[in-house]
Amino acid sequence: MRGLDGKVALVTGGGHGIGRASAIRLAEEGAHVVVADLDTDAARQVAGSLATESAGVGGSIASEADTDAWLELAVSRFGRVDLYHLNAGISGSFARLPDLTVEDFDAVMSVNLRGTFIGLRAAFRQFERQAGRGSDRGSDRGSGQAGGGAVCVTASIASRRGSADLLPYQTSKHGVLGLVHGAAVYGGPLGIRVNAVAPGIVPTELFAASAGAPGGMNDMQARAATTPLRRAGTPDDIAGVAAFLLSDDAAYITGEVVSADGGATCVSTVRPSGGAGAWDTAAADSKTYGWQ
């Protein structure tokens, strides 16, 4: 892909799953990658395996100090940061809506939404520093010469649809699209593009702890088989889209949310091809609401 060779990318949640696949793909395209993950050992292991000189670092996306430390490492090692894949997130509680606690809700929002905001803000601050200009220099606005950059955020099919479970996760991922749209509008005149990839069912460690919950890891393959492509996605499927959105091949794309979900979001569930009449609503409701 055009415009990735020699660039410096920061990937959060890069020690596992989609983030790991993204780091590998970007390095294969020639980018130096700073792999950030709460699992420091995994981040360093991934970085050490990449095709380009890269670095691994630990920390939380919900921490301003950790985010600043990642950037300091990137700049000290490679001189700048050009690309960001803000990918890290958590799934949160599968509890019924009446049983959710404020702590359940806040825990997910602090990582998935607040953490994405912190990452976006840090990206824009770094782009501004690299352009050598301060935010108060109004005469430079609209020039399109702020040094530029590209950001890809990992959204979700949960950003675009609703379900009866995973309410904190859905809410956070809906909010992520607000960040993407606002940042894209702000960044456009500065030459900064912001987009999102919205994965569907991609079995990764994100949902590993939910193996026993309805709609969790245990039945992902079966649910994915209902999509038009009849399969679950892989981390590599999502990494390819993220790399494209960060590349110059996507130079005229900003504020976009690209679904990579096997076609799930285009299905009309009230038509026979969408499964209408093929499932037992009473059985489904009994799982969701605990009815006997």
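Select strand 6 (192-199). Eight of the eight residues of strand 6 are buried, so the strand is largely enclosed by the rest of the structure. Please note at the outset that this is a predicted model.

**Stop 1: the side chains of strand 6**

Display the side chains of this strand. In a regular strand, side chains alternate between the two faces of the sheet. Which residues of strand 6 point one way, and which the other? Ile192, Val194, Ala196 and Ala198 point one way, while Arg193, Asn195, Val197 and Pro199 point the other way; all of them are buried.

**Stop 2: the neighbours of strand 6**

Next, select strand 5 (149-154). Strand 5 pairs with strand 6 in the parallel sense, over six bridges.

Now turn to strand 7 (257-260). Strand 6 and strand 7 also pair in the parallel sense, here over four bridges. Ser259 in strand 7 stands opposite Ala198.

**Stop 3**

In what order do the seven strands lie? The order is 3-2-1-4-5-6-7, in an open sheet with parallel pairing. Strand 3 (55-58) and strand 7 stand at the edges; each has a single partner strand, so one side of each is left without a neighbour in the sheet. From one strand to the next, the twist averages 15°.

**Stop 4: strand 1 and Leu10**

Move to strand 1 (residues 8-12) and strand 2 (residues 32-37), which run parallel and are joined by five bridges. Within this pair, Leu10 stands opposite Val34 in strand 2. Select Leu10 together with its surroundings. Apart from its neighbours within four places in sequence, Leu10 is in contact with Val34, Trp70, Leu71, Val81, Leu83, Tyr84 and His85.

Leu10 also belongs to the largest nonpolar core, which has 36 residues. Which members of this core touch the most other members? They are Leu10, Tyr84, Leu120, Val151, Val153 and Val194. Helix 4 (residues 102-131) gives the most to this core, with six residues. A second, separate core has 26 residues, including Ala47, Leu83, Val241 and Ala260.

**Stop 5: helices on the sheet**

Select helix 3 (residues 64-78), which lies across strand 1, strand 2, strand 3 and strand 4 (83-86). Helix 3 runs at about 160° to strand 3. Helix 7 (residues 235-246) likewise packs on the sheet, where it touches strand 4, strand 5, strand 6 and strand 7. The direction of helix 7 makes about 165° with that of strand 6.

**Stop 6: helix 3 against helix 4**

Two packed helices are described by the angle between their axes and the distance between the axes. Helix 3 and helix 4 pack at an angle of about 35°, and their axes are 10 Å apart. The crossing of helix 3 past helix 4 is right-handed. From helix 3, Glu64, Thr67, Leu71 and Val75 meet Arg114, Ile118, Arg121, Ala122, Gln126 and Arg129 of helix 4.

**Stop 7: Pro272**

Finally, select Pro272, in the loop between strand 7 and helix 8 (281-289). Is Pro272 buried or exposed? Pro272 is exposed, because its relative accessible area is 61%, and exposed means over 50%.

Technical notes
Residues numbered from 1 in each chain as written. Predicted model: local features only at pLDDT ≥ 70, side-chain atom pairs only at ≥ 80, totals over all residues. Heavy atoms only, no water. Helix = DSSP H or I, 4+ residues; strand = E, 2+ residues; numbered from the N terminus. Buried < 20%, exposed > 50% of the residue type's maximum accessible area, 1.4 Å probe, protein only. Core = buried A, V, L, I, M, F, W, Y, C linked by side-chain atoms within 4.5 Å. Contact = heavy atoms within 4.5 Å. Pairing = 2+ DSSP bridges. Axes fitted to C-alpha atoms, helices over the stretch in contact; angles between N-to-C directions. Left-handed = near helix turned anticlockwise from the far one by under 90°.
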